[in-house]
Amino acid sequence: MASNDHIPIHHVSGPNPKPIKRHRTARYYVHRVRESLTTRVSKIICAIFLGLLAIVGLITFILWLSLRPHRPRFHIHEFNMPGLTQPTGFQNARITFEVTARNANQNIGVYYESMEGSVYYRDQKIGYTPLLNPFYQQPKNTTEVDGDLGGATLTVSSQNWEEFQSDRGDGSVVFRLEVTSVIRFKISTWESKRHMMHADCDVGVGPDGSILSNYKDRRCPVYFS
């Protein structure tokens, strides 16, 4: 008796049977066309964006090379405390100084909206004074800035004076002069935003109260905040 548990298998006659072709619908081809168009548009948009970015970067680099922007350069030339030779002279203490502000840019001007000078001793502010009224500095130009602190603009206690005398006995008294200003840069008709500029000048005076030679004409670090 023949068993009914086996599934009959029919073999296709012939040496090389042909594969069965699948029939794709119109919806499939529409989807493929849309997918292809989306990919092409995305590639074109990316290429345009990258091209514009490269052009902007190139223009910025060329402008930077042509303008070569520099921050203002400050140098300390004079700093004196003439009464330092007096054992008890804190009530009549006086400090005078001279610095220069240099705009080393070739095509960039600098607006100084204000300028103040502060003197520190051992990180303690002992004096403050306004320096210059607002002014515009042309490219390749140097401005002299003079300061005179005394009376209400210079606060020196008897303890400070004793510390001055102790440092003086060691050969030098070191101060820090900080020049601050709100500035803007100008290129042709374009003006930058405002920046708070700081120029820190470490300066030492000798036993006679005059600036030491190794501090004279020293360049002051400049930074923005």
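The following exercises, each with a worked solution, concern a predicted model of one protein chain.

Residues are numbered from 1 along each chain as its sequence is written. Because the model is predicted, local features need pLDDT of at least 70 and side-chain atom pairs pLDDT 80 or more, whereas totals for chains, interfaces and linings use all residues; side-chain values use heavy atoms, without hydrogens and water.

**Exercise 1. The overall chain**

Task: State how many helices and strands the protein chain holds, and in which pattern they follow one another.

Solution. Helices (H or I, at least four residues) and strands (E, at least two) are DSSP runs, numbered from the N terminus. The chain has two helices and eleven strands. Along the sequence, their pattern reads α-β-β-β-β-β-β-α-β-β-β-β-β. Contact means heavy atoms within 4.5 Å. Of the contacts with a separation of 6 or more, 71% join residues 24 or more positions apart. Buried means under 20% relative accessible area, exposed over 50%, and partly exposed in between (1.4 Å probe, protein chains only). By that rule, 33% of the 225 residues are buried.

**Exercise 2. The aromatic rings around F175**

Task: Describe the ring pairs that F175 forms with Y121 and with F164.

Solution. Rings of Phe, Tyr and Trp (its six-membered ring) pair if their centres lie within 6.5 Å; planes under 30 degrees apart count as stacked, over 60 as edge-to-face and the rest as tilted. The structure holds nine aromatic pairs. In one of them, the ring centres of Y121 and F175 are 5.7 Å apart and the planes stand at 50°, so this pair is tilted. Y121 belongs to strand β3 (residues 109–121) and F175 to strand β7 (residues 173–187), so that the pair links distant parts of the chain, 54 residues apart. Both Y121 and F175 are buried. F164 and F175 make an edge-to-face pair, with 5.4 Å from centre to centre and 65° between the planes. Since F164 lies in helix α2 and F175 in strand β7, this pair ties together parts eleven residues apart in sequence. F164 is buried, as is F175. Ring pairs join F79, F97, Y121, W161, F164 and F175 into a cluster.

**Exercise 3. Charges over rings**

Task: Identify which residues lie over the faces of Y120 and Y136.

Solution. A charge sits over a ring if NZ of Lys or CZ of Arg is within 6 Å of the ring centre and within 35 degrees of the ring normal. R176 lies over the face of Y120, at 4.2 Å from the ring centre. For Y136, the residue is K186, at 5.6 Å from the ring centre.

**Exercise 4. Residue I48**

Task: Locate I48 and classify its accessibility.

Solution. I48 is part of helix α1 (residues 26–67). Its relative accessibility is 49%, so I48 counts as partly exposed.
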